[in-house]
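Work through the exercises below with the sequence and the 3D view open. Try each task before reading its solution.

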Amino acid sequence: MSKYPFEYEHSKPFLQQVGEWVADVFYDVLPEAGFEVRDEQIYMAFQLERAFAEKQTIFAEAGVGTGKTLVYLLYAICYARYHRKPAIIACADESLIEQLMKPEGDLAKLAQHLSLSIDARTGKSQDRYLCLAKLEHARTDYEDVDLYKSLYEELPSFVHKSEGMQSFHAYGDRKEYPHLNDVQWERINWDPFQDCFVCDKRHRCGQTLSREHYRQSTDLIICSHDFYMEHVWTYEGRKREGQLPLLPDHCAVVFDEGHLLESAAQKALTYRIKHNIFEELITRLLKNEIRESLAVLIDEAIDRSEGLFELLERQSVSIPGSDRREIILNDKLIQEVAQLRKVIDGIEEELVFESELYTLDSYQLRIVEEHLEMMQKALSLFQSSNSLICWATESATGLTLVIMPKAVKEVLRERVFSLNMPVIFSSATLSVNGSFEYLAYSLGIEKYLSFSVDSPYEYENRMEVLAPAWKNGATFAEKMKTAARMLQRTEGRALILFPSREELRLFKEMIPSFPECGEMNFGFEGDREISHLISDFQRDETSVLCAVTLWEGLDIPGPSLSNVIVWSLPYPPQDPVFMAKRQEADSAYEEVDLPYMLLRLKQGIGRLIRTREDSGMIAILSEEIHKDANLRESIQSLLPQGVRLQVE
């Protein structure tokens, strides 16, 4: 049996034959199965053929209903088989991965209607997996110990016992624990300060076993933007440590919802420093026979680190509506950082001599050296304070210093866009006023192809967009009344999009006091695993889904989603990342806040109409719309042709 879904002729260019087969699929095969012929989809297919043939980066902007996912999947599968390396499909977040992989998703449709066996496996972020070491502590550290004891007892048998002839399999995915809320899950999942390299359970860990599983994929590996960028950022370091990179060698990358890649890249390039972790790691060296000069430097480093974090406590202030603390940089703080770096320099020099004496365990030494190198890179950014964004977070175990470089385009240009392979950006929103230059510049892309196609749907008589007005202002109580009224109009069947978790929490507390919504079932993001919440929402037609992260990618066709309520205009949060962007802009509102809000709002509006038969209403709960004519016009300009913003 041919490994290609068509009869391959060696005398003809491979991508040309793929294009001809894809045209047959969209013109003949899928229409026979009930799919409609879409000119926009076929146009996109021919554009992607060139990108794959020339190994170029392409911005593929295609509106809702184009069928863009089917296009890039067909090319990616064929290209992977030709090069005998998997293609990577990087989605914006984990919920989009589940939508792609679900039984009724696009992969399943292609497999069914084309009689195509597709080897697609998921590579999820580390924090999506259970940590055996943290679960061990959770069995005694929290009030709901019975919950964690039960989870421990349900682990595969090979976790608990060591014996020969055992079979191992991947386990511990967040999806397997839908009954846990986010707080309960975060007590037992992987975190960046967990030292996996010295964990005695690492070879029985679900995360380790999942890596072995997806590495064997022959067609596709489906992961998140975050995970792909983590792979890029840790690639060289893992090789130095004798570890495999997070992802195997691959032939192409598709960034679905590609406009979100910059934030994922920034997140992956983030450094985290914690005093108790540093102290625990560095004191490991004291358990060995070391020279007195090194021991003295270790003690001094611990004192310097402790002093730095005490100063950070005084030099940071809480940010309203955020779990982050803004750090106020001053000369004293920069001086403390410089002094700690100087001591770490001394330790690194001493370790060179110690390694030649062979008195230290080489594996432990490598771990300490990697951590010190990471700290030096992170703290060095303080010497040029204009190049970093930093903040602090609090937890029961102390303050964490988070340091992020402002510009990520140099890393992306070197480690992604110069690899001589096709890189596909796919989304309904990639351009700004018809230009892709803004996104290309921010990502460091110098040469690229691009195209835009509109949605094939007729929106004029199927979408109603409302902007309710209030006599007493848009107070939270007034919004609650309006939301309850809107929910009654569609008898549930609604997605409510919140710009922050705090507003979602307040809504959750107040909605039981509205008897008109008493018969509706509400699902709240954070209460359970997100893909199960989405599945329940789709299955229970009159339910209501309340979310913070589902502005992009949520695909619920049919009457289950007939109403999208935008709780407030989704301006960027007041956190250090956007504070830094605002400081660099000539006009923070025009260059940062407004474009971000309009892009996110357009994505949110796109959740309503997913098929030609869909219809419904969108309510934007915003007092600013009624006070600012320019803002109102900006929002009107992003609505589909023929749809007017109606003021109630």
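**Exercise 1: a loop residue**

Glu-257 is found in the loop that joins strand S5 (253–256) to helix H12 (261–268). The model is a predicted one.

Task: Decide whether Glu-257 is buried or exposed.

Solution. Start with the relative accessible area of Glu-257, which is 8%. Buried means under 20%. Glu-257 is therefore buried. As for its backbone, Glu-257 is not a glycine, but its phi is positive, near 50 degrees.

**Exercise 2: another positive phi**

Task: Find where Lys-55 lies and classify its accessibility.

Solution. Lys-55 sits in the loop between H2 and strand S1 (57–62). Its phi is positive, about 55 degrees, although Lys-55 is not a glycine. The relative accessible area of Lys-55 is 33%, so the residue is partly exposed.

**Exercise 3: the surroundings of Phe-46**

Task: Which residues does Phe-46 contact, leaving aside neighbours within four places in sequence?

Solution. First locate Phe-46 in helix H2 (residues 39–54). With those neighbours set aside, Phe-46 is in contact with Ala-23 and Tyr-75. Its relative accessible area of 46% makes Phe-46 partly exposed. For Tyr-152, 106 residues apart from Phe-46 along the chain, the C-alpha separation is 52 Å.

**Exercise 4: a negative patch**

Task: Which element gives the most residues to the negative patch?

Solution. List the members: Glu-279, Glu-280, Asp-299, Glu-300, Asp-303, Glu-306 and Glu-310 form this surface patch. Helix H13 (275–282) and helix H14 (292–314) each give two or more residues. H14 gives the most, with five. Glu-310 belongs to helix H14 and is partly exposed, at 44% relative accessibility.

Definitions and conventions:
Residues numbered from 1 in each chain as written. Predicted model: local features only at pLDDT ≥ 70, side-chain atom pairs only at ≥ 80, totals over all residues. Heavy atoms only, no water. Patch = residues over 30% accessible without salt bridge, like charges linked within 9 Å, V, L, I, M, F, W, Y side chains within 5 Å. Areas by Shrake-Rupley, 256 points an atom, 1.4 Å probe, with all protein chains shown as cover. Salt bridge = Lys/Arg side-chain N within 4 Å of Asp/Glu carboxyl O. Lys, Arg positive; Asp, Glu negative; His and termini not counted. Charge placed at Lys NZ, Arg CZ, Asp CG, Glu CD. Helix = DSSP H or I, 4+ residues; strand = E, 2+ residues; numbered from the N terminus. Buried < 20%, exposed > 50% of the residue type's maximum accessible area, 1.4 Å probe, protein only. Contact = heavy atoms within 4.5 Å.
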